[in-house]
Structure formats: structure tokens, C-alpha cells
Amino acid sequence: LILQHLQKEGTPLGPGDDFVQIAKEAFEAATQQQSPAQEELASFYAIHKTVPSWVDLKQLERGQNVYLKYAPAISLSLYYRSLVAGFSIPKIAAVIRSTRYLAPPS
């Protein structure tokens, strides 16, 4: 709904736009003169700005540390062992070309 409002108002999200930052700005600038998209963005941010009570922040931090520790090895493994090989298989490459999987939206 938010994306549709933004599109109708002539301000669609671009590839480098930060949705959360845009929502935060709409929330902080909340006035009675907001467009439908701005109202939806502000509402979205108001609902999602707080961390739920069930989130274990210490466990989340441990997960982040594990990810950061092993990300280089995981990335290299994916790159050399599956992604390059998978994308070079002729039938898979044909699907990727026909669906424009690797092409940016135009």
C-alpha cells in the first residue's frame, strides 16, 4: 500500500532509497497536512520502531558476531562452489536471462 501511494504521488522508491529512513522522517515530521503515503510511512514507523519484548538482545548480538566472524568464508564458499557454477549451467543461465533475474528493474 505504501509503495502504491508513493508511486501515485510521483515519488517512487529508487534502488538506493532507504525505506526505514524515509519512514522515520515522515514519522518525525507528522503534521495534519501529510499525504496518504506520508501518513502510511509514519504509521509503519510508529508500529515497527521498537524492538519486541520477546527479542533476546544478547542472543541477537551473538548471532551478529558469528555472522561477522564467518561471513568471508561463507561468501567465498558460495561464490566459488555454488553461485558461479550454478549460474554457468546452460539451462539455469537460460532461465536467468529470460526472467531478467540479474537485470535491474527498468
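Guide: Contact here means heavy atoms within 4.5 Å. This is a predicted model, in which local features need pLDDT of at least 70 and side-chain atom pairs count only at pLDDT 80 or more, while totals for chains, interfaces and linings use all residues. Residues are numbered from 1 along each chain as its sequence is written, and side-chain values use heavy atoms, with hydrogens and water left out.

Visitor: With which residues is Gln 34 in contact, leaving aside its neighbours within four places in sequence?

Guide: Gln 34 sits in the loop that joins α2 (19–28) to α3 (36–48). Its side chain reaches the backbone oxygen of Ala 26 at 3.0 Å. With neighbours within four places in sequence set aside, the contacts of Gln 34 are Ala 26, Ala 29, Glu 39 and Ala 42.

Visitor: Is Gln 34 buried or exposed?

Guide: Buried means under 20% relative accessible area, exposed over 50%, and partly exposed in between (1.4 Å probe, protein chains only). Gln 34 has 15% relative accessibility and therefore counts as buried.

Visitor: How many aromatic pairs are there?

Guide: Rings of Phe, Tyr and Trp (its six-membered ring) pair if their centres lie within 6.5 Å; planes under 30 degrees apart count as stacked, over 60 as edge-to-face and the rest as tilted. By this rule the count is 2.

Visitor: What is the geometry of the pair formed by Phe 19 and Phe 44?

Guide: Phe 19 belongs to helix α2 and Phe 44 to helix α3, so their pair ties together parts 25 residues apart in sequence. The centres are 5.1 Å apart and the planes lie at 75°, making the pair edge-to-face.

How values were computed. Helices (H or I, at least four residues) and strands (E, at least two) are DSSP runs, numbered from the N terminus. A polar contact is a pair of N or O atoms within 3.5 Å; within protein, one must be able to donate a hydrogen and the other to accept it, and residues adjacent in sequence count only if both atoms are side-chain atoms.
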